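This briefing covers helix packing and the surroundings of selected residues in one structure. Please read it alongside the sequence and the coordinates.

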Amino acid sequence: MRPVLPGDVAAAGCALLALPAKKRPGAMLEMLHRAEAADRYRRALGQAHPDWGNGSLGSVAMSLPRVAEPFLNDPDYVDCMLTVFAALKARNDRRGRLIRLRS
């Protein structure tokens, strides 16, 4: 997956906000999987994935239904952003453990 920028996080949060709360964690994991797959596709074929874009989290989120970005004091949006950040942290923690195991 490509490096995550603030716009990627906002787009993912808006995509999660379009879903019922119970579906958000699974949808976030699916976005990460799609971004990773799209990045592998981009590196292998030299072009963006036709459905999921260039391998960024934002390009995957933009391919999904989403709501307009609310203000950051919207409690439901804050919950969505926390879901995004928790998933990114868990992904980075897992990758860090794998790198240490390989060393």
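This is a predicted model: local features need pLDDT of at least 70, side-chain atom pairs count only at pLDDT 80 or more; totals for chains, interfaces and linings use all residues.

Residues are numbered from 1 along each chain as its sequence is written, and side-chain values use heavy atoms, with hydrogens and water left out.

**Helix 1 and its packing on helix 2**

- The crossing of helix 1 past helix 2 is right-handed, a term used if the near helix is turned clockwise from the far one by less than a right angle.
- Helix 1 contributes Ala12, Ala15, Leu16 and Leu17 to the contact, and helix 2 contributes Arg24, Ala27, Met28 and Met31; contact means heavy atoms within 4.5 Å.
- By class, the contact of helix 1 with helix 2 has 7 nonpolar residues, 1 charged residue and no polar ones. Ala, Val, Leu, Ile, Met, Phe, Trp, Tyr, Cys and Pro count as nonpolar, Asp, Glu, Lys and Arg as charged, and the others, Gly among them, as polar.

- Helix 1 has 12 residues and reaches 17 Å from its first C-alpha to its last, close to the 16 Å expected at 1.5 Å a residue. The expected span is 1.5 Å times one less than the number of residues.
- Buried means under 20% relative accessible area, exposed over 50%, and partly exposed in between (1.4 Å probe, protein chains only).
- The buried residues of helix 1 include Asp8, Gly13 and Cys14.

**Residues in helix 2**

- Met28 lies in helix 2 and is buried, at a relative accessible area of 0%.
- Not counting residues up to four places away in sequence, Met28 touches Ala12, Leu16, Leu57, Thr83, Val84 and Ala87.
- Met28 and Ala86 are 58 residues apart in sequence, with 9.7 Å between their C-alpha atoms.
- Arg42, also placed in helix 2, is partly exposed, with a relative accessible area of 25%.
- Leaving aside neighbours within four places in sequence, Arg42 is in contact with Arg2, Gln47 and Asn54.

**A residue in helix 4**

- Arg91 sits in helix 4 and is buried, its relative accessible area being 8%.
- Beyond its neighbours within four places in sequence, Arg91 is in contact with Met1, Leu32 and Glu36.

**Residues in loops**

- Trp52 is in the loop between helix 2 and helix 3 and is partly exposed, with a relative accessible area of 24%.
- The C-alpha atoms of Trp52 and Ala35 are separated by 6.8 Å, the two residues being 17 apart along the chain.
- With neighbours within four places in sequence left aside, the contacts of Trp52 are Arg34, Ala37, Ala38, Ser59, Val60 and Ser63.
- Phe71 belongs to the loop between helix 3 (57-62) and helix 4 (75-102) and is exposed, with a relative accessible area of 70%.
- Phe71 and Gly46 are 25 residues apart in sequence and 37 Å apart in space, C-alpha to C-alpha.

Conventions
Helices (H or I, at least four residues) and strands (E, at least two) are DSSP runs, numbered from the N terminus.
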